[in-house]
Amino acid sequence: MQLPEDFKRETRLVMGDERFNRFMGAFDEEPPVSIRLNPRRHIPHSTFHIPQERIPWCEEGYYLAGRPQFTFDPLFHAGCYYVQEAASMFVTHIIRSVDIPTPKRALDLCAAPGGKSTALLSVLPDDCTLVSNEPISNRAQILLENITKWGYPNSMVTNNYPRDFRKAKLTFDLILCDVPCSGEGMFRKDPATIGEWSQQNVEKCWRLQREIVADAWECLAPGGLLIYSTCTFNLKENEENVRWILENFDAEALNIPTDPSWNITGSLLEGFTAPVYRFIPGITRSEGLFVCVIRKRGTRNEDTLTKEKLEKTRCLKVLDPSNLLPPSSILLPRINIDYPEALKYLRGEALVLPADTPRGIVNITYKGIVLGPAKNIGNRANNLYPKAWRIKTTHLPAEEVKIIDIQ
């Protein structure tokens, strides 16, 4: 894989020769494949149909032996698990480890496609409202799909810029800033990102990241946590930005307990010793990620942010999942179908349901898990699965794709 010479030179300086050589060696290896189970789907950890290994920093995370055809697993479409880089699952360990008051309101500011948001939903308390935001409209629709499928009621999706939350004068106990970055940590997994890299883009990114953090800081309640993360390696977007936050705001970086066997790298900026966590391919079993957890000093107030209150905030655009699925779908009659019929349904085809199926809107299920609605008119059931979510390929797998089982 041909990497830009400027990138290699700068990254060698940041990492040092030993780390850099191990990082370069990772490009000769297959990237690890990992999934994170949805705790609400009641999936026993022992019933995998393929070899797997636990991810040590995430209770719900597993490495898989190879990459299955996720597209042809109905349980994937039903939100039973999320395909995610192992490093990104570190956010679950952060929430489980930090000693702060229980958050009541949380914001994932740059959330698409939804991996870290669904991870947060799995570990945040049930009475915590999570707002998952994405500024780019088409990406916000993908985020809405993944959040809707994950199936947690106390969540919502918005399509706004960070400054809009600042203008709305809303505050949150937890804000995740997984900021847009130069993407160096994704080079191995997504070679297309290599062609987009330049030193000019690094300069553009670190400046934009500071603007986003400045907006987010105004929305962070006293005593609240800011999780700052990138998927890149350079110091400007990582340690230097964290140092800027600590020098310009009333903030402190928090230690997160880790195990040496995880091989997470700390600060690589000379003279900067704040606790930061860097995942490097070839050293850590993951793609690249940088994380720092920062607390806003002060005493937390006890005001609450309800979904109803946020929906009435006129300067924010809240996306409505009922435009995709009937809002009462959870209460509908359930009709279970087999694997071939499930693939037909996910393609958007009409189904022929059992003769005793009630007329009207019903839930189509696979292994007892809801896939989506259909309208039974007697001789057939018209497919109501959202068009944007449908499987596009007409290819059929040679055999049933089985990755996990459910109770």
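Buried means under 20% relative accessible area, exposed means over 50%, and partly exposed lies in between (1.4 Å probe, protein chains only). Keep that in mind as you explore the close-ups below. This is a predicted model, in which local features need pLDDT of at least 70, side-chain atom pairs count only at pLDDT 80 or more, and totals for chains, interfaces and linings use all residues. Residues are numbered from 1 along each chain as its sequence is written, and side-chain values use heavy atoms, with hydrogens and water left out.

**View 1. Lys149, a buried lysine in helix H6.** Lys149 is found in helix H6; helices (H or I, at least four residues) and strands (E, at least two) are DSSP runs, numbered from the N terminus. Lys149 counts as buried because its relative accessible area is 12%. Contact means heavy atoms within 4.5 Å. Not counting residues up to four places away in sequence, Lys149 touches Arg41, His77, Ala78, Gly79, Tyr385 and Trp389.

**View 2. Trp57 and the largest nonpolar core.** A nonpolar core is a set of buried Ala, Val, Leu, Ile, Met, Phe, Trp, Tyr and Cys residues joined through side-chain atoms within 4.5 Å. The largest one here has 44 residues, and Trp57 and Phe90 have the most contacts inside it. Elements giving two or more residues to this core include helix H4 (90-97), helix H5 (115-123) and strand E9 (220-230). Helix H6 gives the most, with five residues. A second, separate core of 37 residues includes Ile35, Phe72, Tyr345 and Val401.

View 3. Look for Val98 in the loop between H4 and strand E5 (105-108). Is Val98 buried or exposed? Val98 counts as buried because its relative accessibility is 15%. Leaving aside neighbours within four places in sequence, Val98 is in contact with Leu225, Ile256 and Val293. Val98 and Asn255 are 157 residues apart in sequence, yet 8.3 Å apart in space, C-alpha to C-alpha.

**View 4. An open sheet of four strands.** The strands follow the order E2-E3-E1-E4, with antiparallel pairing; two strands pair if DSSP finds at least two bridges between them. Strand E2 (52-54) and strand E4 (81-83) stand at the edges with a single partner strand each, so one side of each is left without a neighbour in the sheet. Four bridges join strand E1 (residues 33-37) to strand E3 (residues 61-64). Arg36 stands opposite Gly61 in E3.
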